[in-house]
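Here's a quick walk through how one predicted model packs its side chains. Take a look at the sequence and the structure first.

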Amino acid sequence: MDDQTRIELEAAAFRALREHLMEKRTDVQNIDMMNLAGFCRNCLSRWYQEAANERGIEMGKEEAREIFYGMTMDEWKANYQTDASPEKQDAFKTAFAENVGDKG
């Protein structure tokens, strides 16, 4: 497989993941993703922002998040975010420290 085809396939898979999380699985909470997989929608948006910035494209955190949420973070929270138990919050602190550290 040539590099251009690989890049196009990776981009298609990435777009499918973004759409899946943004439109089909709004019920999946970021805290659960982070606790189970070590990343969440915010991580994906941060990686996107970092890639843009590395290429000289100015993009802020909120702009990048809107790309992954399809709306502002406040709108997402109001529409889809649920309260997390103290146990999930404790697990999140550990998962965040292990996977994100001071990058978040």
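Residues are numbered from 1 along each chain as its sequence is written, and side-chain values use heavy atoms, with hydrogens and water left out.

Let's start inside. The largest nonpolar core has nine residues in all: Leu21, Met33, Met34, Cys40, Cys43, Leu44, Phe68, Ala95 and Val100. A nonpolar core here is a set of buried Ala, Val, Leu, Ile, Met, Phe, Trp, Tyr and Cys residues joined through side-chain atoms within 4.5 Å. Buried means under 20% relative accessible area, exposed over 50%, and partly exposed in between, with a 1.4 Å probe and protein chains only. Two or more core residues come from each of helix H2 (30-37) and helix H3 (41-54). Helices are DSSP runs (H or I, at least four residues), numbered from the N terminus. In soluble globular proteins, nonpolar side chains tend to be buried together.

Leaving out residues up to four places away in sequence, Met34 touches Phe39, Cys40, Cys43, Phe92, Ala95, Phe96, Asn99 and Val100. Contact means heavy atoms within 4.5 Å.

Now the rings. How many aromatic pairs does a search of the whole structure find? The search turns up seven. Rings of Phe, Tyr and Trp (its six-membered ring) pair if their centres lie within 6.5 Å; planes under 30 degrees apart count as stacked, over 60 as edge-to-face and the rest as tilted. Two of the pairs involve Phe14:

| Pair | Type | Centre to centre | Between planes |
|---|---|---|---|
| Phe14 and Tyr48 | stacked | 6.4 Å | 5° |
| Phe14 and Phe68 | edge-to-face | 5.6 Å | 75° |

Phe14, Tyr48 and Phe68 form one aromatic cluster. Within it, Phe14 is partly exposed at 30% relative accessible area and Tyr48 is partly exposed at 32%, whereas Phe68 is buried at 2%.

Phe68 brings us to H4, where Ala64, Arg65, Phe68 and Tyr69 are buried. Seen down the axis of H4, these buried residues fall within an arc of 130°, so they line one face of the helix; the arc is that of the directions from the helix axis to the C-beta atoms. Their cover includes H1, H2, H3 and helix H5 (73-80). Just after H4, Gly70 takes a positive phi of about 75°.

Tyr69 also has a polar partner: its side chain and that of Asn30 are joined by a polar contact of 2.6 Å. That term means a pair of N or O atoms within 3.5 Å; within protein, one must be able to donate a hydrogen and the other to accept it, and residues adjacent in sequence count only if both atoms are side-chain atoms. Asn30 is found in helix H2 and counts as buried at 13% relative accessibility.

Notes:
Predicted model: local features only at pLDDT ≥ 70, side-chain atom pairs only at ≥ 80, totals over all residues.
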